Amino acid sequence: MTKNTLIDSKNSVLHILGVIQISWVILLVISSDSKLDEIGVEFEKFHIQLAEQRYNQTSGLEYDKSVMEAASSSLVELSTTFLNEFSEPRSFYLHCIGAISQARKLPVTLELYEKRTEILSSENFKIHGKPVNWGSWRQFNASETEDKNRKNVYDEFIQKAPQIAPLITKRFNIAQQVYKLYETSPLDAYLEQESITYDKLKDFINILGDGARKAFLEAADHFAPEILGKDSFDYYDDFYLARGRIYSPLNKYFNKKNPQKAIEKVLNNLGFGEELHKIKVDSEDREKKSPSAFCFGIQVPHDIRVVYKHVSPFSDFTSLFHEYGHGIHGASGLEGDPFWKRYIVPMSVAETFSIFLETLLQQPLFLLNELGMNEEVIQDIIDRRHFMNLYFLVFYAANALMKIEFWKQDYGYEDASKRFQELTKRYYWEIPGDYWLTHHITPNYDVYAPSYMLASVRVKEWINQMIDEFGEEFWRGEPAKQVGAVIRELAAARGEFDLSVWDMDPQPFLKEQSEFSFL
């Protein structure tokens, strides 16, 4: 055998070995992708089971604890398998840690859900013949004319709030322990998902909270005599009282208007007729139903549910426009996309589409041509919307900053209450620190509160883009379908929504909300 023949033979063997090695790698990749797909399919199955029961629970319907426990247990097994075998997609990795945390917290979460309405229940005041409780507090505030009665209920609930603090603390302790096992924390996971650093988020919150203060306090003094019957707001006149009352003079213009038909007309114009068929709406008033409107993506994109309780005509418009934004976001998901892309969405992205649609209610031409309002009423709506957006900024700045410090500084419940009280004094006026325990967001979620602020700033930028490209009435006529296509493309991105393309400058949003006809 010649030397060249030996070399050729050797090269042939090396080539065959190389092909085998590449084939083996390809098989491993295929096997890995197949295993990931299998986990995703199973994850969705148990997510649907759990989401169905959570929906029933939050809607004040009968729910099955055993189904919740079994689904949670299955999600823990799947999450553990994923965490042991995969590190990507990163969003799925973080979601699995969160799923284990949620499952470990489930018994305490269920107990908190039941105890909160039971403990935060008035001994002296009723609404619709039943004691005012945590679930009906906002409705009571919206209808009660006596200031001292609202104060008494507020004080009673604040006095009772520490009774639910041990359950809230226990939930957060469990979350901290679970995340620590994977060398992260609830805060670090949130920051990573939102692609923002702690210092940048803190500065962002402070710019909005501090920047809103002056105009908010001036506007509050302007509106207090009208909506409260006194010279100024007191500590017990909270964000939700203001929201339930500020729009009262507008209700006569919206009494005979149907908010569901109004938002569905807009969405049909934008080309979302098919998606609307996937959204179910529940407006029934049940005793244990959440006081806040909400939207559940039971099975994305096919089964999306919007839930609200009637508060007042204009408030119902804001609630439904907001929740339909969530609904369209979920219904625009692509069926063929993997579980992690359809279901795992940064929290500020989840709020972007809801706030985008709600913001239509302060666009002058929308109010004029879609809802038939005259110029004077339009200006009044915008003034009142700006006031509530400023109240939102100062109130949520306190909630958001306290909550990220909660994890960063390892606060206990009393530290958190003390810090929350300090922050309310900084951003607007001092309120009792234990108020945060009664909120529907801050004690219920590991972080979440900053998401609304991030989304609001992003939406202002997005609205400006739509106006620049498609005109001031981008929701109607010829531009509508093009705008709808833009919304659908962004909504369908779900877990792949590009956070890096937004400037996220808080000043344009802050400047707009600080403009009033009377200042």
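Ser-121 stands opposite Asn-133 of strand E2, in a predicted model where local features need pLDDT of at least 70, side-chain atom pairs count only at pLDDT 80 or more, and totals for chains, interfaces and linings use all residues. Residues are numbered from 1 along each chain as its sequence is written, and side-chain values use heavy atoms, with hydrogens and water left out. Strand E1 (residues 121-127) and strand E2 (residues 130-133) run antiparallel and are joined by 3 bridges, where pairing requires that DSSP finds at least two bridges between the two strands. Helices (H or I, at least four residues) and strands (E, at least two) are DSSP runs, numbered from the N terminus.

**Hairpin**
- The hairpin of E1 and E2 has 2 residues between the strands, and His-128 takes a positive phi near 55° there.

- Arg-116 is buried yet has no salt bridge, the nearest side chain of opposite charge being Glu-114, 11 Å away; buried means under 20% relative accessible area, exposed over 50%, and partly exposed in between (1.4 Å probe, protein chains only).
- In that assignment of charge, Lys and Arg count as positive and Asp and Glu as negative, while His and the chain ends are not counted.
- The side chain of Arg-116 makes a polar contact of 2.8 Å with that of Asn-444, a polar contact being a pair of N or O atoms within 3.5 Å in which, within protein, one must be able to donate a hydrogen and the other to accept it, and residues adjacent in sequence count only if both atoms are side-chain atoms.
- Leaving aside residues up to four places away in sequence, Arg-116 touches Trp-134, Ile-164, His-439 and Asn-444, where contact means heavy atoms within 4.5 Å.
- Lys-105 counts as buried because its relative accessible area is 1%, and its contacts, with residues up to four places away in sequence not counted, are Arg-171, Ile-174, Ala-175 and Asp-446.

- Leu-181 lies in helix H6 (residues 165-181) and counts as exposed because its relative accessible area is 67%.

**Nonpolar cores**
- The largest nonpolar core holds 175 residues, of which Phe-92, Phe-233, Phe-387, Tyr-391 and Met-453 touch the most other members; such a core is a set of buried Ala, Val, Leu, Ile, Met, Phe, Trp, Tyr and Cys residues joined through side-chain atoms within 4.5 Å.
- Helix H17 (residues 375-408) gives the most to this core, contributing 21 residues.
- Phe-233 touches Ala-220, Ala-224, Ile-227, Leu-228, Ala-242, Phe-387, Tyr-391 and Trp-429, when residues up to four places away in sequence are not counted.
- Apart from this core lies another, of 6 residues, including Tyr-55, Phe-296, Ile-298 and Val-307.

**Salt bridges**
- The count comes to 37 salt bridges, each defined as a side-chain nitrogen of Lys or Arg within 4 Å of a carboxyl oxygen of Asp or Glu.
- Glu-226 and Arg-384 meet through their side chains in a salt bridge of 2.8 Å, N to O, and this pair links distant parts of the chain, with Glu-226 in helix H8 (residues 198-228) and Arg-384 in helix H17, 158 residues apart.
- Within this pair, Glu-226 counts as partly exposed because its relative accessibility is 44%, whereas Arg-384 is buried, with a relative accessible area of 4%.
- Lys-341 and Glu-496 form a salt bridge of 3.5 Å, N to O, between their side chains, again linking distant parts of the chain, with Lys-341 in helix H14 (residues 339-343) and Glu-496 in the loop between helix H20 (478-493) and helix H21 (506-513), 155 residues apart.
- Lys-341 counts as buried at 12% relative accessibility, while Glu-496 counts as partly exposed at 46%.
- The side chains of Glu-473 and Arg-476 also meet in a salt bridge, at 3.0 Å, N to O, with Glu-473 partly exposed at 24% relative accessibility and Arg-476 partly exposed at 31%.
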